[in-house]
Structure formats: structure tokens, C-alpha cells
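Q: Could you walk me through this model, starting with the domains and then moving on to the pockets?

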Amino acid sequence: MDLKNTLAELESKLTEALKQTEKLEKLQDIKAEYLGKKAELSLLMRHMKDLSAEERPVFGQTINAAKARFTELIELRREALEAQQLEARLHAEKIDVTLPGPNFRLGRPHVLNRIIMEIEDLFIGMGYTIKEGPEIESDEYNFEKLNLPKDHPARDMQDSFFITEDRLLRTHTSPVQVRTMLEQGGSQPVKIICPGKVYRRDEDDATHSHQFMQIEGLVVDTDTTMADLKGTLLTVARAMFGEHRNIRLRPSYFPFTEPSVEVDVTCFKCNGNGCGMCKHTGYIEILGAGMVNDFVLSASGYDPSIYQGFAFGMGVERIAMLKYGIDDIRHFYTNDIRFLKQFST
Ligand code: PHE
């Protein structure tokens, strides 16, 4: 038998078989056919016994070398087929990165939240802390500690949703003042703003809503004066309505402040000259404020002979309506996307 020839023949058969194979899975069969136990190559080993002692090692080495060669041929084909497959997959899964992507719409904060964020930023810049409180409040915090005892006629200004005898949906954010002062224990200065929802029993119409938002401000310290209040409100008015605005304080009444004022800003439509918007007065009312009533200070643990403070409360909807010329408060709550989309920058 001519071993060399036999092996050469086998190799060319294997090479041909590999060439014909396009499928990776088939390589396994070819491997079994040419290198498995019953493969011709393995069967050749049987001839060993007919050989002399000198011939055997040469014979064995030749067969082993052929095995290694066959294995290599199969592996080379495997690599080639794998590369081909990868190429085909990459081609099939090719994406065009220059295609325009699907359109998506960017959300934006609700206009009321924008106003709140703007005001919060302004006050954080002046060293205030933001405080929140519960929307279900006790009569004590919502009214009594704010100098509005049970039979006080000023309660009429804030017609309320009572849940039980002494629990209600808060009618203003002022109870957060009380909560904060009590927390501070009567000896620490207070400098807070409190944004949040409030509720009043009103018939909903263009200018009234049974639920709306307020931002309350409170400063308590040993040397807080009305001049500080005025300066603070002027800063707010200018930040919200323009640099050249002025404010005017008119005497007013709130049970929790004494003296109390209503604050007007020069009309930003006519610059104070008088127009339809300001009913020809040159001014527009924006908020209520005052020096914290001694009763309120003592009810929350502060000694009014040492501490004074100022407080103010503004309606977020009202500020937004004035600022953007919105004529109906209900627009804020009806989620009409065409309305909301206008406030995008
Ligand atoms: N809490 C008052 C209201 O809702 C507003 C206000 C707050 C007035 C603080 C003065 C001082 O009517």
C-alpha cells in the first residue's frame, strides 16, 4: 500500500468536500467522516500490526501528521464559513444611520409649575427655604392660630370645604407658616416660601376656581421691618413683570397680619399710563401681605416683643394670567394641549 498516495487522495477528497460545503452544521459530519473512529484514516492504523518495528513509528507519525492537517483544513473552512455568515448578517441588518429618526414631542412643565419654579428660584437666591404642608388641614392651623377664631366674620372671605368638624381642605397656604414656626420652637429665625394647592367653595367661572395655587412667604426675625417687606415685594414684581415696574402698597385687612396691605404693580401693558387692562388706574393688584400679627407670633411660640415678621401670599394662577394675558382661569386645568403648548420656552 502506498500510504502517501492514499493520504493525498483522502486530502483531495476532503478538500473537495469542504469546498462544496456552504453550511457550518455540515462540517461536523465531514469531521466524523474523515477523522472519526470509522474514518478511513483511523482504519489505516490497522495496518500497523503488519509493519516492522522500525516502520511503525514513521507510519504512526505520518498518520498523525495527516490528522493534524485534516483538522486544520476543517478549521480553516469553519473560520471562512463563520466569516461569511457574519458578513451576511451584517449586510442583512445594515441600518442607515442617516435616515431621519421618528419624531417625538418634548414635554414641558405646566405653565403654573413654571411660575412656581421661577418664584422659587428667585427666593432661593435670597436665602429662603421651600416648605410644603398638607392639603388636609386642621381648623386650628388653617384658621385659629392665624387669628381667625371659630365665629370670626373674616372666615367668610375663605368659604371652606370641611371634611369633619375640625378638618378641612386648606383655604390658603398660611397654615404652613404656623407649622414652620412651631417646628422652629420660637427661637430660630424663619425665612420660607410655601407653594401649594388650596381650596375654596367658589362657583367656578373665568376668574374663580374651587382649587387653585398659592405661594406664601414668611420671614420672622428680631429686626424684620415693613421696609424689608416692601423691598422683597418690589424684587418679586420686577422679576415677574419687568425691570421697570414699581409697586404700591394699599392698606388692607387680613386677620393674620397687622398692618396689612394689598400690593399693586404698575401696569405692564401701559406702563402705568392707564389702559383697559388696569381699568385706567395704572396699577394691577398682585398679592396680599403684611407684618405678622402679634397674635399669630405668640400662637406659634414666638415672643412678639423680640420677634417681628412679614408675610405675603400670592395666587399663582393670577400671576400667570396677568403675565401671559390669559383670560380664563379654567384654561389651566382643562389640559387642552393647544393652550399648554404655548408656554414652551
Ligand atoms: N393667606 C392669604 C389669603 O389667602 C394671603 C396672605 C398671606 C395675606 C400672607 C397676607 C399675608 O388670602
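Q: How far apart are the centres of domain 1 and domain 2?
A: In this predicted model, the centres of domain 1 and domain 2, taken over C-alpha atoms, are separated by 90 Å. Domain 1 covers 3-92 and domain 2 covers 111-343, with bounds that come from an automatic or database domain assignment.

Q: And the numbering and confidence rules?
A: Residues are numbered from 1 along each chain as its sequence is written, and side-chain values use heavy atoms, with hydrogens and water left out. As the model is predicted, local features need pLDDT of at least 70 and side-chain atom pairs count only at pLDDT 80 or more, whereas totals for chains, interfaces and linings use all residues.

Q: OK, pockets: what volume does the largest pocket have?
A: About 1,100 Å³, where a pocket is an open set of points on a 1 Å grid over the protein atoms alone, where a 1.4 Å probe fits, with protein on both sides within 12 Å along at least five of seven lines, and lining residues have an atom within 4 Å of a point. The volume is the space filled by probe spheres set on the points, which are joined across faces, edges and corners.

Q: Which residues are closest to its centre?
A: Of the 39 lining residues, Arg-200, Phe-212, Glu-285, Gly-315 and Arg-318 are the closest to the centre of the largest pocket.

Q: What about the second largest pocket, what lines it?
A: That pocket has a volume of about 250 Å³, and its lining residues include Arg-248, Asp-264, Glu-285 and Arg-318.
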